[in-house]
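Reader: I would like to go through the labels used for this model. Please set each one against its cut-off.

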Amino acid sequence: MQVLEYRIRTATTDDLGAARAVMLDTVYHDFGTGYVPRWHGDIIDLDGAYLRPARHTLLVAVDERDGAVAATAALDSRGPAHPPNPRWIADRFPSGGTAQLRRVYVRAEHRRRGLARRLVGELLDFAAADGGYEAVYLHTDPAVTGAEGFWRSLGKVVHDEREDSCASRVMHFEVPMRP
């Protein structure tokens, strides 16, 4: 069995095209939604969403064999918006005090190697170092293979919209802050 090595680092402007490709492949192939501007607008403007704001970051996992971006993970200070999220979720995780995990995506051929867990760990370190975040939040679609189990292993479910009478299948999680 070949052991693959990955380097996790903060993305640079040179990485944005490859990071965007990972993200777009994920929304088209794993989510089945394709690019939806109101949900995925940050993917088009990764620089403005994650590189320029001081309290935001975009990480990439680079395959050391060929330098290709194998995975992405981002964090920003924007809490979940209402709508589409329930008002009480938006109130519990307000912008500014909430580190929202976003775009934790791993290309299919690089999965099951601990990349997502390593990326999230780096994001939690970033949030802790910031000093201004009081909570870490994320939402996920449990229909995506492995998503629900992965996030349950790192955080706690604060709301599962599948239990509501609405058609949404979003799960909302809080992940413990690192000291």
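Author: Start with burial: buried means under 20% relative accessible area, exposed over 50%, and partly exposed in between (1.4 Å probe, protein chains only). This is a predicted model, where local features need pLDDT of at least 70, side-chain atom pairs count only at pLDDT 80 or more, and totals for chains, interfaces and linings use all residues. Residues are numbered from 1 along each chain as its sequence is written, and side-chain values use heavy atoms, with hydrogens and water left out.

Reader: Why does tyrosine 105 count as buried?

Author: Its relative accessibility is 8%. The cut-off is under 20%, so tyrosine 105 counts as buried.

Reader: What makes phenylalanine 31 partly exposed?

Author: Phenylalanine 31 has 24% relative accessibility.

Reader: How many aromatic pairs does a search of the whole structure find?

Author: The search finds 3. Rings of Phe, Tyr and Trp (its six-membered ring) pair if their centres lie within 6.5 Å; planes under 30 degrees apart count as stacked, over 60 as edge-to-face and the rest as tilted. One of the pairs is phenylalanine 31 with tyrosine 105, at 5.6 Å centre to centre and 80 degrees between the planes. The angle is over 60, so this pair is edge-to-face.

Reader: Which parts does that pair tie together?

Author: Phenylalanine 31 is in the loop between helix 1 (16–30) and helix 2 (37–44), and tyrosine 105 is in strand 4 (residues 98–106). The pair therefore links parts 74 residues apart in sequence. Helices (H or I, at least four residues) and strands (E, at least two) are DSSP runs, numbered from the N terminus.

Reader: Why is the pair of phenylalanine 93 and tyrosine 137 called tilted?

Author: The ring centres are 5.0 Å apart and the planes meet at 40 degrees. Phenylalanine 93 is buried, at 1% relative accessible area. Tyrosine 137 is buried too, at 0%.
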